[in-house]
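This report describes selected local features of a single model. Please view the sequence and the structure together before reading on.

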Amino acid sequence: MLKIFIYYLLIINAAAFAFYGIDKRKAVRQRWRIRESVLLGLAAAGGSVGAPCGMKLFHHKTHKRRFSIGVPAMLIAWTAALIYIMYRIYF
């Protein structure tokens, strides 16, 4: 079960990172964009490492308060949850 969860986190973080890059490319080319709720939803669903990496690398959504505060907050929440889960499994 833990192995499946780790694979899930790897996939969702890769997806979050990719979606930030795709949205930035669409923004530069003035094309239809990915909704902000989708970008934030990916971070909330476990992509809280890939999302800030994508934000920093692609310089995307870094000035929006919703993202500059929300995404790191989700990272903190996911980190706390993972620490709790690991503690419960191993202790």
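The sections below cover salt bridges, a charged surface patch and one leucine.

## Basis

The model is predicted, and side-chain atom pairs count only at pLDDT 80 or more.

## Salt bridges around Glu36

The count of salt bridges comes to four. Glu36, Lys61, Lys64 and Arg66 are linked in a network of such bridges.

The side chains of Glu36 and Lys61 meet in a salt bridge with an N to O distance of 3.2 Å. This pair links distant parts of the chain: Glu36 is in helix 2 (residues 36-44), while Lys61 is in the loop between helix 3 (50-58) and helix 4, 25 residues apart. Lys64 also forms a salt bridge with Glu36, with the closest N and O atoms 2.6 Å apart. Here the partners are 28 residues apart, Lys64 being in the loop between helix 3 and helix 4 and Glu36 in helix 2. Arg66 forms a further salt bridge with Glu36, and its closest N and O atoms are 3.0 Å apart. That pair joins helix 4, which holds Arg66, to helix 2, which holds Glu36, across 30 residues.

## Exposure within the network

Which members of the pair Glu36 and Lys61 are buried? Both are. Glu36 has a relative accessible area of 19% and therefore counts as buried, the cut-off being under 20%.

Lys64 is partly exposed because its relative accessibility is 39%, which lies between the 20% and 50% limits. Arg66 is at 52% relative accessibility, so Arg66 counts as exposed; the limit for that class is over 50%.

## Positive patch

Arg25, Lys26, Arg29 and Arg31 gather in a patch of positive charge on the surface. One of these residues, Lys26, has its place in helix 1 (residues 2-28). Lys26 has a relative accessible area of 32% and so counts as partly exposed.

## Leu82

Leu82 lies in helix 4, which spans residues 65-90. With a relative accessible area of 27%, Leu82 is partly exposed.

What does Leu82 touch, not counting residues up to four places away in sequence? The contacts are Phe5 and Leu9. As for Ala51, 31 residues from Leu82 along the chain, the two C-alpha atoms are separated by 17 Å.

Key. Residues numbered from 1 in each chain as written. Predicted model: local features only at pLDDT ≥ 70, side-chain atom pairs only at ≥ 80, totals over all residues. Heavy atoms only, no water. Helix = DSSP H or I, 4+ residues; strand = E, 2+ residues; numbered from the N terminus. Buried < 20%, exposed > 50% of the residue type's maximum accessible area, 1.4 Å probe, protein only. Contact = heavy atoms within 4.5 Å. Patch = residues over 30% accessible without salt bridge, like charges linked within 9 Å, V, L, I, M, F, W, Y side chains within 5 Å. Areas by Shrake-Rupley, 256 points an atom, 1.4 Å probe, with all protein chains shown as cover. Lys, Arg positive; Asp, Glu negative; His and termini not counted. Charge placed at Lys NZ, Arg CZ, Asp CG, Glu CD.
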